[in-house]
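Here's a quick tour for anyone new to reading protein models. Have a look at the sequence and the structure first, then work through the points below.

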Amino acid sequence: MSHDFLQMHLKAVISCLLIFLYKVHTTKAGQFFSSGHTNNWAVLVCTSRFWFNYRHVANTLSVYRSVKRLGIPDSHIVLMLADDMACNYRNPKPATVFSHKNMELNVYGDDVEVDYRGYEVTVENFLRVLTGRLPPSTPRSKRLLSDDRSNILIYLTGHGGNGFLKFQDSEEISNMELADAFEQMWQKRRYNELLFIIDTCQGASMYERFYSPNLMALASSQVGEDSLSHQPDLAIGVHLMDKYTFYLLEFLEEVHPASQANMNDLFKVCPQSQCVSTPGHRTDLFQRDPGSVLITDFFGSVRKVEITKDTINLTSPVEPPIQRSGSGDIQIESLTYVDQLPVAEIIHQKPKQKDWHPPDGFILGLWTLILLVFFQTYGIKHLKHIF
Amino acid sequence: AAFLLNDGTKNGETFAPAKDQFQEELVIRPLHSGDIYASFQFRTLWDTDFLQEGQKKVSHYRLFPKSLGQVLSKFSVQELHISFTQGFWRTMQWGQPFIPSPPGAELWVWFHDTVSDVDGNWKELTNVLSGIFCASLNFIDMTNTVQPSASFKPLGLGNATDHRFLRYATLPREIVCTENLTPWKKLLPCGSKAGLAVLMKSEKLFHSSFHSQAVHIRPICQDEQCTSKAWELRQTLNVVFDHYTSGQGKKEWSLFKMFSRTLTEACPLASSSKVYVDITDNPELFELSPATPLLSQAVVLGDRRTYSVYDLTRAETFGQLRSFNLLLRWKGDNMLRPLLHAERYVAGFGLQTGEIHTVIYNNHPYRAFPVLLMDSVPWYLQLYIHTLTVTSKSRDNKPSYIHYQPAKDRHRPHLLEMLIQLPPHSMTEVTVQFERALLKWTEYTPDPNHGFYVGSSVVSALVPSMVAMSTNFTQDQPLFSSFVPVKEESSYFVRVYTEPLLVNLPTPDFSMPYNVICLTCTVVAVGYGSFYNLLTRTFQVDEPSPPLAKRLANFIRRIRGVPLLA
């Protein structure tokens, strides 16, 4: 009797243990598959035009380089550069944009793909990219095709002020517009979490109006402070980078795809002793604790790989290319090339038939006036003589 | 995981052999000014039909890039020519290029005659191409598209000569940089990993006097009888390297110096991979290493030229080191003067009126030939066509054909096409006056003081050739001499582009709205405000409160009933 009781008790204990272990196992596996995002996007914008704003293009390209190095592919990056510095005629080394003086690091690279360039970088296009309201003929590379499981990194740089950012020296975007754009994105479920980095003067003013959830923001300077540029290169003749992005690049160069560095390390980049301005950040709208958010959650790219040893049968065969029907009996005319400059034909060319258009508004108005005057003077009874 | 592919032969069908082939070639031509001209051509020939209706659309792409194939079938394109150029081709110093192109971006397309809405297809096509080539081709719209009536006849097969299906546009402001080269290289079957494309390093290619990359797609004859047609995709890259940036005084170049790379193998997917070096000028003063016994003669641009050929598909070209670095030294100075040459400039002063002068030179000593001049001027330069004059040798030269389509403000540009007979050994000048328009303040670019560009004029001509050209079509012809189909032996077709113009439009001061608001508010506040105050305010005399002693004294006096102190 007691033996059976002991056995039953043992069985109960063992089964409890097994259930406990199983639960632990599933939570680990469950955790692996239930992290917040499944894909990563980046929108990197440089808003300044003219050669002396070389540093803004170098800023954006250095973030582009880091983001590409950590795994985000070109199809998931929307890169907007307001002016061309690499092939600018003032560039002593064409097809290069340097970030460190003495031309140490070429951030332009050999396989860059710029999606919006030159005059296309406008406030309207930027907001359309964010909200997804683009004309139907826009190619895929120019769209932000994110969904509700995307983590998006948005980086802006240029000249700014208290509450606005200047685009190409001719228009501005205000912090309220930006906050509204993010709210539109949230309501359309276009992001899971969004990291906003801005490197301009008084950059903190751009994120103080945000009100949508899951937003984290970093800026290079507080309201009332200017962001400063780092070092000039005497051969190129302009300042190469801004201080904040320079130290951000140095920080990111040490991050690799498997790195465990988190956002608290990012907040420490460029303290006031190095940057002269005070970088700021905002995390109150963000649900997770910044210490648990990895850098690669935004700067890298997620790849969930499931390894299986099963064999999968591909049953549908590849379609064979179409065989042309035999040309046996049919008389095929030999085709000819067109004459490139048929002088005789051109001289005797008839003017092409123009499509008939209804008369212009002016002509119609003139005729109406004439008819009105006619009927005014001669009376309506003469109408029957005409019709 | 293991994937099992179902074998096609199981069902009794066999796959047809692949009907596409790929050829690549590089032509190096030293120019008499010491510069060196390198022209890459990559050609993919594919026997297929993109314009097929029904569900049997082409879906299996091998050598032909899928992105371009889908564009062709979706928009029913018969012919597509797009080029991106940085720099201007100096005809007088460098001769004629193999394939000419204007500065900036140029796109011209012949649509199939089954298309009902050509303008709609054109608009969507430019947007799609802007995504493929990372260029701002979406700025091509009705204000800079023209429909030439006699120029730009199809270069491929076809009987569609109704010019309603032709669209032509240029963007002279378009910049070419690595971001345009990257997607262009991705269209090649071997990418930039093998074959001649490994030489394309952007840092060297863009540090040059002239850089042009183009894509030409057209249907061509497959064989001599021309009973069936195949689609040809040609990707060309023309570069002119500057002699002086190398810092040396000698005319000495090597592949490594030009491209910072050497060749190690041919593209495995290529059926032919060759390097041609032009040694026609003074062959005895030429030093070429490694030497090659292979010589080839070709008639190109009306001139018979001799080339040394290096075949990269043969392993012995690469020698012991498995690397092919071509070295050439030359001392010759002769150059055949180009027979046709054109220039264009703006004359006049001020920001209201001006005059466009186009000058065309015919350098042939005794032959006259006709040229077709096509000018596309944006609407904001309002041309006065009654001031159009064409003079040759200071006498009036009446064109035998003029087609003029006036501009419509903000809707379409001017199009002027003229067929002019050039007398031998002469200079012909075409002048037309214009007036500059004032744009609306939102239409100005962010940098309006840079100026506004006017696209290049196109001069198309059949130039008499010194040497008889061959009209036979052979498969072994090198690519650079077989681009334009030759119809008659005595002349060859050439297209010359003039410089683009940079014109300043009267630019307003964009800070004026702010200035006006400040001034008006100040005037209203100071002038009207003080006047209003004077009229509506009443004034009261206000006595200051007396000191404490006086107040106390007044209080006591009030109690006593005695008059108060002042």
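How many helices and strands does the secondary structure of chain A come to? The count is 11 helices and 11 strands, where helices (H or I, at least four residues) and strands (E, at least two) are DSSP runs numbered from the N terminus. Keep in mind that this is a predicted model: local features need pLDDT of at least 70, side-chain atom pairs count only at pLDDT 80 or more, and totals for chains, interfaces and linings use all residues. Residues are numbered from 1 along each chain as its sequence is written, chains are lettered from A and ligands numbered from 1 in the order in which they are written, and side-chain values use heavy atoms, with hydrogens and water left out.

**Chain A overall**
- Of the 387 residues of chain A, 46% count as buried (buried is under 20% relative accessible area, exposed is over 50%, and partly exposed is in between, using a 1.4 Å probe and protein chains only).
- Take the contacts in chain A with a separation of 6 or more: 72% of them come from residues 24 or more positions apart (contact means heavy atoms within 4.5 Å).

**The listed active site**
- UniProt, in an unreviewed entry, lists His159(A) and Cys201(A) under "active site"; such annotations may be inferred rather than shown by experiment.
- These residues span 43 residues in sequence, yet no two of their C-alpha atoms are more than 6.5 Å apart, so they gather at one spot.
- His159(A) sits in strand S5 (residues 159–161) and is partly exposed at 28% relative accessible area.
- The side chains of His159(A) and Asn53(A) are joined by a polar contact of 2.9 Å (a pair of N or O atoms within 3.5 Å; within protein, one must be able to donate a hydrogen and the other to accept it, and residues adjacent in sequence count only if both atoms are side-chain atoms).
- Cys201(A) is in the loop between strand S8 (193–199) and strand S9 (215–219), and it is buried, with a relative accessible area of 19%.
- Leaving aside neighbours within four places in sequence, Cys201(A) has contacts that include Gly160(A), Ser221(A) and Asp226(A).

**A buried threonine**
- Thr157(A) belongs to strand S4 (residues 150–157) and is buried, at 0% relative accessible area.
- Its side chain reaches the backbone oxygen of Asp199(A) at 3.2 Å.

**The listed transmembrane region**
- The unreviewed UniProt entry gives residues 361–380 of chain A as a "transmembrane region".
- Over residues 361–380 the chain is 90% helix and 0% strand, with the end C-alpha atoms 25 Å apart.
- Trp367(A) lies in helix H10 (residues 361–378) and counts as exposed, at 52% relative accessibility.

**Salt bridges**
- Searching the whole structure turns up 28 salt bridges over all chains (a side-chain nitrogen of Lys or Arg within 4 Å of a carboxyl oxygen of Asp or Glu).
- One of them joins Arg288(A) to Glu193(A), with the closest N and O atoms 2.8 Å apart.
- That pair links distant parts of the chain, 95 residues apart: Arg288(A) is in the loop between strand S10 (280–282) and helix H8 (296–299), while Glu193(A) is in strand S8.
- Arg288(A) is partly exposed at 31% relative accessibility, whereas Glu193(A) is buried at 7%.
- In chain B, the side chains of Arg173(B) and Asp447(B) meet in a salt bridge (3.3 Å, N to O).
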